[in-house]
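Please open the structure in the viewer and keep the selection panel at hand.

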Amino acid sequence: MTAPPGSASTPAPTGELPRVRVAARSRRNAELALLLLAMLVSAAYAATAEANLLDTVTFDFWVPIVSLTAVFLAIHVVVRFLAPYADPVLIPAVALINGLGVAFLRRLDLSKANPDERADLTMFSGTGGRQLAWTLLSVALAAGLLVLIRDHRAISRYAYTLVLAGIVLVITPALLPAKYSQVNPESDAKLWISVGGFTIQPGEFAKLALLVFFAYYLVRKREVLSLASRRFLGIDFPRGRDLGPVIVVWLISLAVLVFQKDLGTSLLYFGMFVVTLYIATERVSWLIIGLLLFFGGAVLAWYLGSTIGGPFASFYTRVDIWLDPYGDPYGTGWQTLQGLLGLGTGGLFGTGPGAGQPTEIPEVHTDFVFAGLGEEIGLFGLSALLVVYLLIIERGLRAALAVRDSFGKLLAGGLSFTVCLQLFVIIGGVSGLIPLTGQTTPFLSAGGSSLMANWLLVAALLRISDAARRPVDSASPARPGGAPAGPPPQLHGATTEVIRP
Amino acid sequence: MNAPLRRVGVVVMVLFGLLFVNLNYVQAYKADEYRNSDYNGRVQVAEYERKRGIIEAGGTPLATSKETSGKLKFLRTYPKGEVYAHALGYKPVNLADTGIEKSENDFLAGTSDQLFGDRVRDLFTGNQTAGGNILLTLSPRAQETAFRELANNRKDVPRGAAVAIDPSTGAIQALVSMPSFDPNPLVDHDTEKAQAAYKQLDAAENGPLKNRALSETFPPGSTFKVITSAAALENGYEPETRIPAGPAYLAPTAGQEIRNAVPSICPQTQVTLITALTDSCNTGFAQLGVKLGADKLKDEARQFGFEDDELAVGRLNGSGQKVAASRTGEMATPDGNDDPPSVAQSSIGQNNVRMTPLQGALIAATVANDGRQMRPYLVQQQLGPDRTTDYYTAVPKELREPVSAEVAKQLQDMMVSVVQNGTGTNARISGYRVGGKTGTAETGGNSDDHGWFIGFAINSAGKPISAVCVFLEDAGSGGSAEAARISQQIMRAVIADRGGR
C-alpha cells in the first residue's frame with residue numbers, strides 16, 4: 001500500500017518499511033569511495049596483466065581505466081542530483097565487474113597481438129577497446145534514462161509500446177536470412193541483426209521490454225490470477241482459463257528455441273515470467289506449473305533432438321557434452337572441455353592476471369569469459385566475483401522489498417532475478433553444472449548490446465531503489481511531479497499485498 | 001508481495017550456492033586432472049618452457065634445444081640429422097615420441113623424480129634450469145663409419161642395418177638402420193608441417209622409419225651355424241670331430257635336398273666341425289642339426305637370447321627401446337615329433353628362424369666375451385642440468401651365460417678360422433684376432449638373398465674390443481662378403497676411437 005504523503009510518523013503496514021526508513025540516508029559519499037576502490041582494483045588487474053604479458057608496465061596502461069573512472073564518476077554525479085537516495089552499492093559493484101571486463105578483454109588483445117605491436121595498442125583498438133567505447137556509450141544511455149524517467153512508475157505507460165517492440169526484436173532475427181542473423185558461422189544460433197558491419201543482439205533489449213510488460217500486466221491481473229483457484233493436494237491451482245498468459249509465454253519461449261536455436265534465451269524469458277507471476281500472485285502453484293512446463297519442455301526437446309534432430313539437435317548435442325565432456329574432445333565438445341581445463345588450470349589461486357593462457361579457450365571473450373578469467377584469478381577470485389554479482393542481485397531485491405508500489409516491486413524483483421538466472425545459465429553452463437547454452441555474462445562479456453541493456457537495467461534498479469529509500473516526507477518536493485511523468489491511475493492505488501479472502 | 005520476494009531471494013542464494021559448490025569441484029577437486037589433461041594445450045606450452053637436456057655421445061652433441069620466439073619456447077634440433085636418427089628417436093610436438101627421447105623423457109624434460117631437488121631450488125631462485133643431460137655409449141666414429149659404409153655399400157643395397165657392441169660390457173658402440181631419416185622436420189613446431197613430414201616418411205619406399213637394427217627380424221642364414229656349432233660343442237663334439245657332409249643332403253621325408261652354396265664346399269663324406277663352419281658347409285650342419293634334434297637347437301638359441309620378449313635397449317634397469325624377439329620357429333610335425341626337413345633347414349638358419357641384427361651382434365659378443373652375454377645398453381650416464389652431478393652411471397650387467405668359457409674359446413677359434421681361411425676374409429684386421437661368420441639367407445619368392453656378417457675383434461692382450469653385426473637386406477650374391485667388409489670398417493673405427501688400444 002502506498003503510504004500517503006505526510007504520514008512519515010506512522011509507517012505504512014509493509015513490514016520492510018521501518019528498517020529502510022532508519023537507513024534512509026543518501027550515502028553518496030560511500031558510493032564515491034567504493035567506486036574509486038573498484039577502479040583501483042581494475043587498474044591493478046590491468047597493470048599486473050601488462051607486467052606478466054609484456055614484462056613491463058607501459059607508460060599509459062592507466063588510460064582505459066581512467067576514462068572508465070571518468071564516465072563512472074559522471075553517472076555518480078547524475079545519481080547524486082537526480083536519484084540521491086539510490087542504493088550506493090549498485091554503481092561500484094557494476095563498475096568493478098565492468099572495469100575487470102575491459103581490463104581482461106584488453107589483456108586478450110595484448111596476448112593475441114604480435115610482440116612488437118603490443119605497446120602500440122591504442123585505447124579503442126581490439127575487443128577491449130571496443131568494450132571500453134561501448135561502456136562509455138552504455139553509461140551515457142543509463143544516465144539518460146535517469147534524466148528522462150524521474151519516477152519508475154512512468155515506465156509502465158509505455159508497457160504496450162515496449163512489448164510490441166520486444167516481440168519485434170525477438171522475432172526479427174528468426175525471420176531474417178542467415179546472412180543477417182548469424183554472426184558466428186560455427187554456431188547455428190540466429191540471435192543477431194547484422195547490417196553493414198554493425199551488429200546488435202536484440203534479445204538483450206527484448207528481455208527488458210518484456211519484463212516491463214510482465215510487471216504492468218501482472219499488476220493489473222494479479223487479483224484474478226491469485227484469487228480464482230481450485231485446491232488440489234493442499235495447493236491452490238489456478239483455473240484453466242487463467243493459464244492463458246503463461247502458456248503464451250511458454251509458446252514464445254519454445255518458438256525462440258525452435259527458430260533461433262537458442263535454449264538460453266528461451267529459458268531466460270520463461271523463468272523471468274514465471275518468477276514475476278509468482279511474486280505477483282504469491283502462488284507456489286505457478287512455480288510448480290512453471291517448473292513442470294520447463295522440465296517437460298527440456299525433456300521433450302532432448303527427446304526430439306535424439307529422434308528427429310532438426311532444430312533440437314544442437315540441444316541434444318549440448319546435453320551429450322554435459323554428460324561426458326570428454327566424449328568428443330576435438331569436435332563438438334572442444335569448447336566446453338577447454339573451458340573446464342582453463343578453470344581447472346586456474347585452481348585455487350589462479351595463474352595471476354596475464355599469466356594464464358585463456359586464448360586456448362574458443363570464444364573466451366564472449367560466452368566463456370568466466371572460464372578465461374577463472375584461469376587467471378582462480379577459485380578465490382571467481383568466488384569474490386560471484387559475491388559481487390550476488391550483491392547487485394540482492395540490492396535489487398532489497399529495492400523491490402522496500403519500494404511501495406506493486407509495479408516497482410515486480411519490476412525490480414524481475415530485473416534482479418533476470419540477472420541471477422542469466423548468470424546461472426551461463427556460469428553453470430561454462431563450469432559444467434548444467435548443459436551449456438550461450439548467454440552473455442552481464443558486464444563482463446564483450447558486446448555492446450549486452451552492456452547497454454544491462455546498464456539500462458542498472459539504471460532502472462537505481463531509479464527504483466531511489467524511490468524505495470527516499471524518506472516519505474521529502475518525496476513530494478524531490479519529485480518534479482510534472483503531469484506527463486505521473487504514473488497511470490490504475491497503478492496508483494494498487495495494493496502490494498494479496499488480500500486473502 | 002514481500003513474502004515471495006524474500007523467497008526469490010532464497011532461490012537466488014541457492015542458485016549461487018550451487019554455482020559456488022560446482023566451482024569448488026571444478027577448480028579444487030578436479031583441478032589436477034584438468035591441469036594435466038592430454039587435451040590441455042597449456043601442458044605442452046609448459047613442457048616447452050624448460051630447456052630440454054642435451055643428448056650426446058663421445059663429446060658430440062646429438063640432440064639440443066634452441067630458443068625460439070614462438071609460443072613453444074624451445075625447438076629440439078638434431079645436428080647430426082639422419083646419422084643417429086634410429087638410436088636417438090625424436091621428440092615431436094604432437095606426434096608420438098620414440099627411442100631415447102621417449103625412454104629418457106622425464107630426465108631430459110627435467111620432470112623426473114631424480115631432479116626434484118633442482119625444481120625446488122628453482123622455486124627459490126626463480127631460475128628455470130634446463131632438463132638433465134644424457135650421455136650415450138655410442139662411439140661417434142664407429143656410428144658415422146657404420147652409417148657411411150652402409151649408405152655407400154658396394155652392392156647398392158637400399159636397406160640394411162649395423163650394430164656394434166662392446167663384448168665385455170654390452171655398451172652399444174654403433175646402431176644404424178638404413179635407410180635413415182632426418183628427424184628435424186618431425187619436431188617442427190608447426191604441427192601440420194610435422195604431420196605432413198611424418199606421413200611422407202611413413203609412406204616412403206623402403207620404410208625409413210622402421211628400425212631394422214632392433215625392431216625387425218630376418219632369416220639369419222648361415223650365421224645361425226654358430227648356434228648349431230655351440231649346441232654340438234655343448235653336447236660332446238670337439239672342433240676336430242668329424243661330421244657327415246657331402247654335396248647334397250636329403251633329410252628323411254624331405255621333398256627337396258639341401259645343397260652347398262658352391263659344389264667346391266665340403267663334397268667329401270666327412271669334414272671336421274671347424275672346417276664345416278669355416279667353409280659354411282650346409283650339408284654338414286643340416287645333418288648335425290637333425291642328429292642333435294630340435295630341442296637342443298632351440299634350447300641353445302634360447303640361451304643365446306632368442307625368444308626374449310623383454311629386452312629393451314636404453315638404461316640397464318630395463319627402460320629403453322624395445323627389441324623384437326628373435327625366433328627359432330616351429331620344427332615339429334603336427335603330432336609333436338621333430339620334422340627332419342624343418343630341423344635341417346633351421347640348423348642352417350632357414351625355415352622359420354628369424355633374427356634381429358642386434359641378436360646377431362649379441363651372439364658374436366658372447367663368443368668373444370668367453371661365453372658371458374652382457375646386457376646391451378645405450379645410456380652411459382645421466383648428468384644433471386649443471387653437467388657435474390651424476391645421477392646414473394651404467395654398471396655393466398651380465399644377461400646370461402649360454403656356453404662355458406671352454407666352449408666359447410673353441411667357438412672363437414672356429415670363427416677366427418672363418419675369417420682367416422674361410423668365407424669371412426674381408427673382415428681381417430692386422431694385429432687383432434678377428435672372428436666371424438657370414439650368412440646368406442634365402443628369402444623365398446623372387447627376392448635376392450640377405451647378406452649377413454657377425455663378428456668380433458680381440459686385441460693382442462686377449463681383450464674383446466668390439467662385436468658387430470652387419471645386415472644387407474635383399475643384397476644378392478656377394479652380400480655377405482660386403483657385410484664382412486663393412487664390419488671390418490666399423491671395428492676399425494672402434495679401435496681408432498679407443499686410440500688404437
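This is a predicted model: local features need pLDDT of at least 70, side-chain atom pairs count only at pLDDT 80 or more; totals for chains, interfaces and linings use all residues.

Residues are numbered from 1 along each chain as its sequence is written, while chains are lettered from A and ligands numbered from 1 in the order in which they are written.

**Chain A.** Select chain A, which holds 18 helices and 4 strands; helices (H or I, at least four residues) and strands (E, at least two) are DSSP runs, numbered from the N terminus. Of its 501 residues, 51% count as buried, that is, with 20 or more other C-beta atoms, placed from the backbone, within 10 Å of their own. Among the contacts in chain A with a separation of 6 or more, 71% join residues 24 or more positions apart; a contact requires C-beta atoms, placed from the backbone, within 7 Å.

**The interface.** Next, display both chains: 45 residues of chain A are in contact with 30 residues of chain B. On the chain A side, at least two residues each come from α10 (263–281), α13 (334–346), α14 (369–402) and α15 (406–430). Of the elements on this side, α14(A) gives the most, with 12 residues. The side of chain A that touches chain B comprises 23 nonpolar, 16 polar and 6 charged residues; Ala, Val, Leu, Ile, Met, Phe, Trp, Tyr, Cys and Pro count as nonpolar, Asp, Glu, Lys and Arg as charged, and the others, Gly among them, as polar.

**The cores.** Now select V212(A), A215(A), L411(A) and L461(A), the residues with the most contacts inside the largest nonpolar core, which has 144 residues. Such a core is a set of buried Ala, Val, Leu, Ile, Met, Phe, Trp, Tyr and Cys residues joined through C-beta atoms within 7 Å. Its largest share, 17 residues, comes from α14(A). A second, separate core of 133 residues includes M178(B), Y249(B), I274(B) and A481(B).

Which residues surround A215(A), leaving aside its neighbours within four places in sequence? They are T276(A), F407(A), L410(A), L411(A) and G414(A), each in contact with A215(A).

**The sheet in chain B.** Finally, select the open sheet of 6 strands, ordered β3-β2-β1-β4-β14-β15, with mixed pairing; two strands pair if DSSP finds at least two bridges between them. Its edge strands, β3 (74–77) and β15 (390–393) of chain B, each pair on one side only. Strand β14 (residues 379–383) of chain B and β15(B) pair in the antiparallel sense over 3 bridges. Zoom to L383(B) to find its bridge partner in β15(B), D390(B).

Definitions and conventions:
A residue is buried if 20 or more other C-beta atoms lie within 10 Å of its own, exposed if 12 or fewer, and partly exposed in between; C-beta atoms are placed from the backbone. Two residues are in contact if their C-beta atoms, placed from the backbone, lie within 7 Å.
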